[in-house]
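I opened my notebook to look at one helix and the sheet beside it. Here is the model I worked from.

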Amino acid sequence: MPEIDRLSEHTEWIDLEFVERQRTPEFAIQVGIQLHLAGLSLSNTKQHLERLGVERSRTAIHDWVQKANLQPDSDVSPNQIAVDETVIRVNGQRHWLYAAVDPDTNKFLHVRLFQMRTTQLTVLFLRELHEKQQLTDVTFLIDAAAHLKAALNRLGLRFRVNRHGNRNSVERVFREIKRRTSSFSNTFSNTRLPTAESWLNAFAVWWNRCQS
């Protein structure tokens, strides 16, 4: 996709309250964040901003994404939520990315990154999701993983094992995340866990806007 196509969306959704000094025009910060989340590496985002007359380092662009503290949310109460986890690498180490996705919209509802996969961490993830969403009448779509069943049972939440159909929505977003995180060597290299998780949340916000 040509770089200019990545600018087709409005950038007002990126809150710039974190900006303390006006060293960089606000439009450039918003465009830089959007371009990086849309698929450009930090180096290519830097080059694009230079063509707009703004010279900033890759570190500055990375910091914009982090400081914006973007978090996915939803103004709907889905009847079904697909929940799954997948392995991604941070600094060459295996980590578990948990995600909850609305299968009707393909939008992220919640994202978390853990160093291991346990029933207790799955319970934590679901409790955090409950703080964002009304889960009273929700059916969770899961695979046959024992820790998912155990966590949902512990919380008294309804679920259905569904390896295909609507649960494929979470597989689609996982494929895109893996493509993105493996494309740029500077995305999760020399990165702390909270930093990687912050990027993933920001990516989820951008992804959700693309599904609207």
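Before listing neighbours, I took contact to mean heavy atoms within 4.5 Å. Helices (H or I, at least four residues) and strands (E, at least two) are DSSP runs, numbered from the N terminus. The model is predicted, so I kept to pLDDT of at least 70 for local features and 80 or more for side-chain atom pairs, while totals for chains, interfaces and linings use all residues. Residues are numbered from 1 along each chain as its sequence is written, and side-chain values use heavy atoms, with hydrogens and water left out.

**Helix H5.** I looked up burial in H5 (residues 146-154) and found His 147, Leu 148, Ala 151 and Leu 152 buried (under 20% relative accessible area, exposed being over 50%, partly exposed in between; 1.4 Å probe, protein chains only). Down the axis of H5, these fall within an arc of 125°, so they line one face; the arc is that of the directions from the helix axis to the C-beta atoms. The face turned away carries the exposed Ala 146, Asn 153 and Arg 154.

What do the buried residues of H5 pack against? I noted strands S1 (80-90), S2 (93-102), S4 (139-142) and S5 (158-161), and helix H4 (119-132). Just after H5, Gly 156 takes a positive phi of about 70°.

**The sheet.** I traced 5 strands in an open, mixed sheet, ordered S3-S2-S1-S4-S5; two strands pair if DSSP finds at least two bridges between them. S3 (107-114) and S5 stand at the edges with a single partner strand each, so one side of each lacks a neighbour in the sheet. S1 and S2 run antiparallel, joined by 9 bridges, and Ile 88 stands opposite His 95 in S2.
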